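Dear colleague,

Here is the structure I said I would pass on. My notes on it follow below.

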Amino acid sequence: MLDQQKEIFREEAAELLSDLEDSLLELEESPEDMDLVAKVFRSMHTIKGSGAMFGFDDIAAFTHEVETVYDLVRNGEVPVTKELVSKSLAARDHISSLLSGEDIDEARGEELVTAFQQMVPGQQPAAPVETAPEDLGYGLFDDAPVEPPAPVAEAPSANADATYRISLKLDRHIINTGTRPDGLLRELAELGPHQMVAHTGDIPSLDQLAPEECYLHWDIILTTDQGLNAIKDVFIFVEDDIELKIDVIDDGEDPDADVDYMRIGEILLARGDITQQELDEILGQNKPIGQKLIDSNVVPQEKIESALKEQEMVRAARTQRKAQETATSVRVPAERLDYLVDMVGELVTVQARLSQAAGMREDSELVAIAEEVERLTAELRDNSLSMRMLPIGTTFSKFKRLVRDLSNELGKDIELKTSGAETELDKTVIEKLNDPMVHLIRNSLDHGIEAPDVRAAAGKQATGTVLLTAAHSGDSVEITIQDDGKGLDRDAIFEKGVEKGLISADAKLSDTEIYNLIFAPGFSTAKVVSNVSGRGVGMDVVKRSIDSLRGSISIDSQQGVGSTISIRIPLTLAIVESLLVSVDNESYALPLSIVEECVELTRQDIANAHGRHLVNVRDQIVPYIPLRQEFEAISEPPDVEQVVITNLNGNRVGFVVDQVVGQHQSVIKTLGRMCKDVKGLSGATILGDGTVALILDVNHLAKKVEQEAA
Amino acid sequence: MLNIQQDVEQDRLLLKLEGDATIETASQLHQALLEGLQNYKDVQIDCSAIESIDLYALQMLCSAHRSSVAWEKSFTYSGILSPAAVSAIATSGLKRDHGCSLCPDGVCCMWAVSCTSSS
Amino acid sequence: MGETEGIDSNQYLTFKLDDEVFGLEIGKVREVLDFTNVTRVPQTPEFMRGVINLRGSVVPVMDLRLKFDMAQAEDTVNTCIIITEIEMDGETTVLGALADSVQEVLDLEPEQIEPAPKMGTKLPTDFIKGMGKQEEHFVILLDIDRVFSVEEIAEVKSSAA
């Protein structure tokens, strides 16, 4: 049980550390941003607190030192410096190693502890770590000394649920303004959950009472996401006829706020219903505070009731927030999601069979059911696939750190800019993208971007830039890594290609073809092998990784200006919308996203082309691949064949098939070890009738066109 | 419109409120309550037929109760409260878990849960 | 008798290819399927009949006749696919083997098994674990892992490239 909790702590802490790293890197760029400071502080605070709770005392003790400093930073007593951020990043790494229990460098830890302790002005001796669990007492009957009330935070913005204490007193003759107090209260109540306590103390006896005067005043505790101004707006027309005091008692933004709230005494004190002296005197007596306050007659019963309501309200708001947080994000092991996606894949297959069977029965009721199942299955599929979608930004932030550390190591000044971090991709794809991306970025830093003096001599900004972008395009994501470095040396690559026997010396190649030579196995242009990029692994490995994701990679470069590497990756590896065709009595699927149109190919068309594999599509000549020929068909071709015109990275390529069957939701299956290296096929899928259709690897097949055309 | 029906049984006056007990009818209610408490030992108020009631009326009930205690008389509810009355007590913030400090021990507060919800 | 160990290693599923009877360790056999629609995979060697849908997984099917250089036969009602689990580079792979018909499950004691003959069979001796003697007939006990060994996969690769 405890181990399980520890495991959960580890996972959560790892996440916190990752966020912390982002915050620190951001903080380095904008040291004035107090929100970031608060974020860092909160992360440290949480790690310390839960670390202590789950027995990671070393983590708690270490983090305490860092937290102390950030507490001071938060209060403006210690400035944010580059030094602080560097030390904090190092501290983060140290916590990370303490967490995993690997590579723990104790000397380094002590060094950091000392460094952080020295940052505290007046440098107190190390304080003992608070590892005791926090007091979960309920407060009302608590004799503990009262802490000063928490400083009231600045007005929270709209959208976050904040809780306000509103003290409202109306002018007795408010009715003369034409405003009904009932209306005001109702309007206020509509802003959110609330507790209202009307104070009746001013109501005179019946013979003294003027029936048209208002004697009541209120304490209202209101939780709303509309912001402070919305509350003020309620009273906009009676501003001069009321006494209004609004305090923020819970800004709704501190997710770590204990559900526990201020004690009754503190609330009354904060409201000014009681003085500190009165409170101290009462606390001296040995009774529950609520009772003491009543007995002492210092505070009327209803004020206590009102304070109790405040306590209750804030607790409720905080409890709900905690509950909402747990409800809005549920931690699920990745394997379970993968299993779910697999099952949905099976379901999609079965559903296709159902639809087919229903269609053949000509039973309208069955067809209706099948259609409903189809709709539900599609929704279920989209939903479960989207569950595995993660913003690619999770990896982007790792790269920020990589660039920061590497540029220091290389003595270069390099900035990483990113855009499209919110672009979502299947989790498994993101994981598999990590290594190739790291490699490419390292490459850009090491070989692409020049040393500052070289840059200056070339009239460039001393600071080099690597731009990382991600964007959706159709059913794939395009990722680019762009640097403003020296670019690729076309001639050097060509020579190297000849030297390595990849091309002949008299080959006529386009720039793109030459650049893409760097993806050939064993190709590396770096004259000095630095410990930054490339030790054994080259760009060919990157290309292979991208290929395995059914993606493509290309490079564009301009000497002296920089290089851009573009990677296209399908959104998900699990299911693809495809067009089903038949060739030689077998079914094949090709991704629907690349299909432009289907045209007929008659015997006459073939004859007109004089043996060349070209077809005229609305006055445009499109090369095609006869799949029958490719797959060594044995049966006779139909009189009229079909050409599926596809668009592959801007090039139109046709695929000649016997028949176009229709659309299909293809759950992608691997062909297994035995056939995984079969060229021209990227997998298989199961059709409605239970048979297997093969998925065409159009990119590979299309290469034959280029070769033929050349 | 507020209709106040008065029923007298020995020392006891029953005031039955029907309709709207609001600022418009506040004087009418004030007069009835004041006269009632001045002339009878035991005043009961029936709020079962109230269609709407506002703060002004509610604070008057509070005042009447308090006065009754001071004048050593009795002022209580008779019968159930109409839904409009129950909700008005809640939305005005008068509803209490316990009676207020101005209520002497043993005398039921007009706004305590135990009184407003009982029949 | 040693029945407990018999389940592990002494039971063999026998099947026919042409006139020959072959045996497969029962532990290697997952199930036997009736012949079903096999999807041909282009650009693979001839003995690779194609792939089938085995409850949602795509499983390759090999024609053992062609693999063993025997004449190809028409598929009949008796033709079946023996689903086996083979070890390949330390990983388990599921694979179907096409057989003319399945015979029975045979108990063979170690003393009933003779080593593979150096000659006299059409098969490479590598593929044969031993010869089981059943009454007057011999059963060729296959080493299925070897039959579809790494070299064979390479052949699939090279002929496909």
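Chain B contains four helices and four strands; helices (H or I, at least four residues) and strands (E, at least two) are DSSP runs, numbered from the N terminus. Please keep in mind that this is a predicted model, in which local features need pLDDT of at least 70, side-chain atom pairs count only at pLDDT 80 or more, and totals for chains, interfaces and linings use all residues. Residues are numbered from 1 along each chain as its sequence is written, while chains are lettered from A and ligands numbered from 1 in the order in which they are written.

Chain B

Read from the N terminus, the elements of chain B follow the order β-β-α-β-α-β-α-α. Of its 119 residues, 44% are buried, where buried means that 20 or more other C-beta atoms lie within 10 Å of the residue's own, exposed means 12 or fewer, and partly exposed is in between, with C-beta atoms placed from the backbone. Taking contacts in chain B between residues at least 6 apart in sequence, 70% join residues at least 24 apart; two residues are in contact if their C-beta atoms, placed from the backbone, lie within 7 Å.

How do helices H1 (residues 26-39) and H2 (residues 55-70) of chain B cross? Their axes come within 10 Å and cross at roughly 10°; axes are lines fitted to C-alpha atoms, for helices over the stretch in contact, and angles run from 0 to 180 degrees between N-to-C directions. H1(B) and H2(B) are therefore roughly parallel to each other (angles under 35 degrees count as roughly parallel, over 145 as roughly antiparallel, 65 to 115 as roughly perpendicular and the rest as oblique). On the H1(B) side the contact is made by B:Ala26, B:Leu29, B:His30, B:Leu33 and B:Leu37, which meet B:Tyr56, B:Ala57, B:Met60, B:Ala64, B:Ser67 and B:Ser68 in H2(B). By class, this contact has eight nonpolar, three polar and no charged residues; Ala, Val, Leu, Ile, Met, Phe, Trp, Tyr, Cys and Pro count as nonpolar, Asp, Glu, Lys and Arg as charged, and the others, Gly among them, as polar.

Chain A with chain B

Chain A and chain B each give 27 residues to their contact. On the side of chain A, the elements that give two or more residues are helix H6 (181-189), strand E2 (194-199) and helix H11 (301-328). H6(A) has the largest share, five residues. That side divides into 17 nonpolar, three polar and seven charged residues.

One residue of chain A

A:Ile392 lies in the loop between strand E5 (389-391) and helix H14 (393-410) of chain A. A:Ile392 counts as buried because it has 25 C-beta neighbours inside 10 Å. Not counting residues up to four places away in sequence, A:Ile392 touches A:Ala421, A:Thr423, A:Leu425, A:Ile430 and A:Ala470.

Chain C

Five strands of chain C form an open sheet with mixed pairing, in the order E3-E6-E7-E5-E4; two strands pair if DSSP finds at least two bridges between them. Strands E3 (29-34) and E4 (48-54) of chain C stand at the edges with a single partner strand each, so one side of each is left without a neighbour in the sheet. The twist averages 35° from one strand to the next. Within the sheet, E5 (residues 57-63) and E7 (residues 91-99) of chain C run parallel and are joined by three bridges.

Regards
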